[in-house]
Amino acid sequence: MAKVPKLFQIWPIFKPLSVFYCPYPMLQVRTGPNQIWDIEYQANSSISVDNEPFNWDIVALGSGRYHILYEGRSYSAELITIDYAAKTLQLKLNNRLVEVQAKDRFDLLLDKLGMSNATASKVNELKAPMPGLIVDIRVEPGQTVQKGDPLLVLEAMKMENILKAPSDVTIGAIKINLRDNVQKGQVLVQFT
């Protein structure tokens with residue numbers, strides 16, 4: 001049970017990601033090389049961490065901010081950025097920056113089969129994962145980027161989402177402009 005208090009440091013990830021992971025009730029969450037937790041959502045909205053019940057109270061304050069009570073202690077959490085494609089986010093927990101990566105059961109299966117990079121190498125374009133506003137473009141045509149490099153920043157629901165390169169690619173064309181409103185599935189960047 002010693003891991004549970006440390007897990008609390010990354011709890012706010014589950015609230016925004018739970019919208020996207022409802023069909024996948026299990027997540028593996030990592031905050032560092034030695035900080036890994038298995039999270040399971042139950043149908044009754046209860047949560048277990050490494051097969052132990054996780055009991056806490058959370059109140060959404062709006063704009064990606066939360067107030068949390070866990071084992072008699074009060075925490076403030078703020079979601080800074082979220083990248084739905086890479087399943088990563090940054091948050092502040094009591095003003096301390098925490099980076100989190102999540103994997104669902106399909107990601108874990110691909111890792112086990114040695115195929116975790118198989119789909120990323122075939123991507124020819126970057127599409128908007130949700131509707132939003134383009135607030136930053138960090139690349140230009142002809143630029144070579146590595147997997148995970150930031151390409152764009154998409155603001156959605158008052159949160160900034162950094163969209164990253166799915167693999168080592170060269171930027172072919174940027175199909176949007178700064179301050180454009182985009183729709184889910186719209187092509188944002190084409191790769192060569």
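Where is glutamate 71 found? Let's take this predicted model one close-up at a time.

**View 1. Glutamate 71 lies in a loop between two strands.** The loop in question runs between strand S6 (65-70) and strand S7 (73-83). Although glutamate 71 is not a glycine, its phi is positive, at about 50°. Most residues other than glycine have a negative phi. Glutamate 71 has a relative accessible area of 57%, and the cut-off for exposed is over 50%, so this residue counts as exposed.

**View 2. Asparagine 51 also has a positive phi.** Here the value is near 65°, again in a residue other than glycine. Look for asparagine 51 in the loop that links strand S3 (47-49) and strand S4 (52-53). Is asparagine 51 buried or exposed? Asparagine 51 is exposed, because its relative accessibility is 66%.

**View 3. An open sheet is built from 4 strands.** Strand S10 (125-127) and strand S12 (144-145) stand at the edges. Each of these two has a single partner strand, which means that one side of each has no neighbour in the sheet.

View 4. Strand S15 covers residues 169-174 and strand S17 covers residues 187-191. The two run antiparallel and are joined by 3 bridges. Which residue in S17 is the bridge partner of isoleucine 171? That partner is phenylalanine 191. As a reminder, strands of a sheet pair through backbone hydrogen bonds.

Key
Residues are numbered from 1 along each chain as its sequence is written. This is a predicted model: local features need pLDDT of at least 70, side-chain atom pairs count only at pLDDT 80 or more; totals for chains, interfaces and linings use all residues. Side-chain values use heavy atoms; hydrogens and water are left out. Two strands pair if DSSP finds at least two bridges between them. Buried means under 20% relative accessible area, exposed over 50%, partly exposed in between (1.4 Å probe, protein chains only).
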